[in-house]
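Grab a pencil and work through a few exercises on the model below. Each one has a task and then a solution in steps.

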Amino acid sequence: MTRLTVQSGDFLQGEGEYRNGSLTLKTAASPSPGEKIALSRIKDMKVANQETSRNLGSALGWGVAGCLMAGPLGLLAGLWLGSKDEEITFLATFKDGRKLLAVTDGKTWSKLDGTWRRRTQPQEPARS
C-alpha cells in the first residue's frame with residue numbers, strides 16, 4: 001500500500017492510496033473508506049511537476065559514517081550520497097471524465113505509472 005495526497009479535481013482533498021492496481025479515493029458519495037478505482041479506468045496520466053530535495057538528517061548521518069570510514073573525502077561523499085526525496089505531482093483523467101491532481105513520492109509514482117502503462121498498452125498478437 002502506498003499513499004498519495006489529492007490536491008484537487010473531482011475527488012475530496014486529502015489522503016488516498018494505491019494498492020494492487022487500484023486507487024482508493026474519497027468522493028462526496030463515498031467519503032469513507034473511499035471509491036476503489038482500477039487503473040484501467042484512467043484514460044491519461046502525466047507528470048505535472050517533479051521536485052527532488054535532500055533529506056538533511058539522512059545526509060548528515062551518511063556524512064558522519066563516511067567521515068569515520070574514509071576521513072574528509074568520506075564526509076563529502078556521504079553528504080553527497082545522502083537520501084534524496086522525490087515528490088511527483090501528477091494529473092490523471094479518467095474515462096468517465098473525472099480528473100485528479102495528486103502528489104506522491106517517486107517510488108509510488110514509478111509503480112503507479114508502470115502498472116498503468118502495462119495495462120493500457122495494446123497487447124501484440126502472437127506470432128506464428
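This is a predicted model: local features need pLDDT of at least 70, side-chain atom pairs count only at pLDDT 80 or more; totals for chains, interfaces and linings use all residues.

**Exercise 1. Work out how Phe 90 and Trp 109 are arranged as an aromatic pair.**

Step 1: Searching the whole structure turns up two aromatic pairs. In the one formed by Phe 90 and Trp 109, the centres are 5.2 Å apart and the planes make an angle of 35°.

Step 2: Stacked needs planes under 30 degrees apart and edge-to-face needs over 60, so this pair is tilted.

Step 3: Trace the chain. Phe 90 belongs to strand S6 (residues 84-94) and Trp 109 to helix H2 (residues 106-120), so the pair links distant parts of the chain, 19 residues apart.

Step 4: Check burial: Phe 90 and Trp 109 are both buried.

**Exercise 2. Find which residues touch the most other members of the largest nonpolar core, and which element gives the most to it.**

Step 1: This core has 19 residues, and Leu 23, Leu 25, Phe 94 and Leu 100 touch the most other members.

Step 2: Strands S1, S3, S5, S6 and S7 and helix H2 each give two or more residues to the core. S6 gives the most, with four.

Step 3: Zoom in on Phe 94. Leaving out residues up to four places away in sequence, its contacts include Leu 23, Leu 25 and Leu 100, as well as Arg 41.

**Exercise 3. Follow the salt bridges of Arg 41 and Asp 96 and say which residues they join into one network.**

Step 1: The structure holds six salt bridges. Arg 41 pairs with Glu 35, with the closest N and O atoms 3.5 Å apart.

Step 2: Asp 96 pairs with Arg 98, where the closest N and O atoms are 3.0 Å apart.

Step 3: Compare accessibility. Asp 96 is partly exposed at 48%, whereas Arg 98 counts as buried at 18%.

Definitions and conventions: Residues are numbered from 1 along each chain as its sequence is written. Side-chain values use heavy atoms; hydrogens and water are left out. Rings of Phe, Tyr and Trp (its six-membered ring) pair if their centres lie within 6.5 Å; planes under 30 degrees apart count as stacked, over 60 as edge-to-face and the rest as tilted. Buried means under 20% relative accessible area, exposed over 50%, partly exposed in between (1.4 Å probe, protein chains only). A nonpolar core is a set of buried Ala, Val, Leu, Ile, Met, Phe, Trp, Tyr and Cys residues joined through side-chain atoms within 4.5 Å. Contact means heavy atoms within 4.5 Å. A salt bridge is a side-chain nitrogen of Lys or Arg within 4 Å of a carboxyl oxygen of Asp or Glu.
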